[in-house]
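Hello,

Here is the structure I promised to pass along. Have a look at it first, and then read on for what turned up.

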Amino acid sequence: MATTACFIIVSRNYIPIYEAEVGTVLKKEEAAQQHQSIIHAALDIVQDLAWTTSAMFLKATDRFNDLVVSSYVTAGHILLI
């Protein structure tokens, strides 16, 4: 089974700063759009958790089928998803 990961840095105004996909699957347009929609949906959950906890690493904040969304939040509320 091939695996792929999507890494996105989002500013405090929820503007994407950096995006990279890493993995062994050839990049398809559908997979890229699926990753973006999953991360966009998880941003609401991460936003709520970032203001209610002092932890910087938010483990598995969201799941979609076999995909897991984890995130880091910096002191300046930059999100690394």
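A residue counts as buried under 20% relative accessible area, as exposed over 50%, and as partly exposed in between. Please keep in mind that this is a predicted model.

With those cut-offs, F57 has a relative accessible area of 36%, so F57 is partly exposed. Y72 falls in that class too, at 46% relative accessibility. What do F57 and Y72 form? Their rings make an aromatic pair of the tilted kind, with 4.7 Å centre to centre and 40° between the planes. The count of aromatic pairs comes to two. Because F57 sits in strand β3 (residues 57-64) and Y72 in strand β4 (residues 67-73), the pair ties together parts that are 15 residues apart in sequence.

Now to the sheet. In which order do the five strands of the open sheet lie? The order is β2-β1-β5-β4-β3, and the pairing is antiparallel. At the edges are β2 and β3, each of which pairs on one side only.

Strand β1 (residues 4-10) and strand β2 (residues 16-23) run antiparallel and are joined by seven bridges. V10 has P16 in β2 as its bridge partner. The hairpin of β1 and β2 has five residues between the strands, and Y14 takes a positive phi near 65° there.

β1 also runs antiparallel to strand β5 (residues 79-80), with two bridges joining them. Here I9 stands opposite L80 in β5.

Note on methods. Residues are numbered from 1 along each chain as its sequence is written. This is a predicted model: local features need pLDDT of at least 70, side-chain atom pairs count only at pLDDT 80 or more; totals for chains, interfaces and linings use all residues. Side-chain values use heavy atoms; hydrogens and water are left out. Rings of Phe, Tyr and Trp (its six-membered ring) pair if their centres lie within 6.5 Å; planes under 30 degrees apart count as stacked, over 60 as edge-to-face and the rest as tilted. Helices (H or I, at least four residues) and strands (E, at least two) are DSSP runs, numbered from the N terminus. Buried means under 20% relative accessible area, exposed over 50%, partly exposed in between (1.4 Å probe, protein chains only). Two strands pair if DSSP finds at least two bridges between them.
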